[in-house]
Amino acid sequence: MKTYDVTVAGGGLIGASIALELAFAGLKVAVFDAQKPGREASWASAGMISPTPESTAMGSLLPISLASVAVYPTFIRRVEELSGRPVGYRKDGGLDILLTEEEMKRVPETLALHGASGLQAEALSGAQAYKLEPALTAEIRGAILRRDEASLDNRSFTEGMLEAAQRKGVEIYSNNGAKSLWLEGRACKGLRLENGLVAARWTVIAAGCFSARIDGALTYAPVVPAKGQMVALHCEDVQINHDLWSNHMYLVPRNDGRIIAGATVEYEGFDRTVTAAGMKGILAGAISLVPALAKARIEETWAGLRPDTPDHLPILGPTDYEGLLVATGHFRSGILLAPITAQLIREWVTTQKVSVDWSPFSPMRFQERQQSRTA
Ligand SMILES: Cc1cc2nc3c(=O)[nH]c(=O)nc-3n(C[C@H](O)[C@H](O)[C@H](O)COP(=O)(O)OP(=O)(O)OC[C@H]3O[C@@H](n4cnc5c(N)ncnc54)[C@H](O)[C@@H]3O)c2cc1C
């Protein structure tokens, strides 16, 4: 039986980022994936690095989001240098496009939310927005420019991360997923895999929306899949530079000229069907924002499964089993939060302290809520 300092269940961006970070700390790490690593949510994503909270209810994400944005450039440099792959990082910012009077009325509230969060936001007139992005519809009433927003090619980044981790000595195993946690008394001794046991001082559950299927993990990682359908468009005549957001959808430009349009949020179990209704909504939204996209070639369609949680917040940190850690449930923010997730897990494993408060994301919160409901 093989023994490691750390064993990670799941080789998506989160598991791979944690593995690379721990390898940099000098630890012997292995990642086990149920299939070829990096082909689930991390592959399907839009790749936006957007620290803006989607609502005040998601405000508790802000400190870790800002901490993640701060370490992102170092994180990318490390992956690009070790893997030799560019990851398509773009720091052009995002534009919230406002098309109706109703949306214009929300500008002061949105600016206040950004101001209170320490994020840059600037209200633009329709004409100013149009000057920044001439492909936009002439219907535009105004926009909010968010300079803190960035994006990358999540597929290249995830592949680069896996490659970098391997070059740093991490062992990565495909088609050998975790069947269950290996628990003895109050300690986690490692994982029971499809092909035998693996022992480790620390075990990290990072299997995205599949985490709850690992026997013993459900209590700490009650994640469910939230399907997102996406389309990649290409049109020689259309260039956009910012991530464009409207009420209904977003458009994200890539360095190779593709424009990624998304996304639905659907709770359909583990189904990944691309549907007519999903495509209709996304394409109609894309054309209403950038009319010339009506002539775009559809290069690819796909659907991925975000790991969602009962409160839509990630699940990060230690459990009441010695040696067992959870890093999943990143829902719509796993690309944004990968660097800080890796950093916090490394800090805990090496010093049992963390530099950013992660208590709101504790894997113990679901049990505590259950107990207080039954008390
Ligand atoms: C359409 C869409 C758009 C998105 N857009 C954005 C965005 O713009 N910005 C952003 O920040 N986030 C975005 N997200 C969210 C982000 O992609 C996810 O939060 C993130 O990729 C989750 O990474 P992960 O490694 O936890 O999960 P995954 O990438 O799903 O990886 C989980 C891995 O675990 C493996 N696995 C499964 N079962 C087992 C097992 N039993 N044992 C071991 N391994 C197992 C899987 O094979 C897989 O490789 C988006 C997601 C989707 C679907």
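Helices (H or I, at least four residues) and strands (E, at least two) are DSSP runs here, numbered from the N terminus. This is a predicted model, in which local features need pLDDT of at least 70, side-chain atom pairs count only at pLDDT 80 or more, and totals for chains, interfaces and linings use all residues. Residues are numbered from 1 along each chain as its sequence is written, and side-chain values use heavy atoms, leaving out hydrogens and water.

Let's start at the ligand.

Now look at individual atoms. A polar backbone atom of Ala 178 lies 2.8 Å from a nitrogen atom of the ligand. Ligand oxygen atoms are found 3.0 Å from a polar side-chain atom of Gln 35 and 3.1 Å from a polar backbone atom of Ile 14.

Finally, turn to Gly 84, which sits in the loop between α3 (62-83) and β4 (94-98). Gly 84 counts as exposed because its relative accessibility is 60%, and exposed means over 50% (buried is under 20%, partly exposed in between, with a 1.4 Å probe and protein chains only). Its C-alpha atom is 8.6 Å from that of Ala 164, 80 residues away along the chain.

Key:
A polar contact is a pair of N or O atoms within 3.5 Å; within protein, one must be able to donate a hydrogen and the other to accept it, and residues adjacent in sequence count only if both atoms are side-chain atoms.
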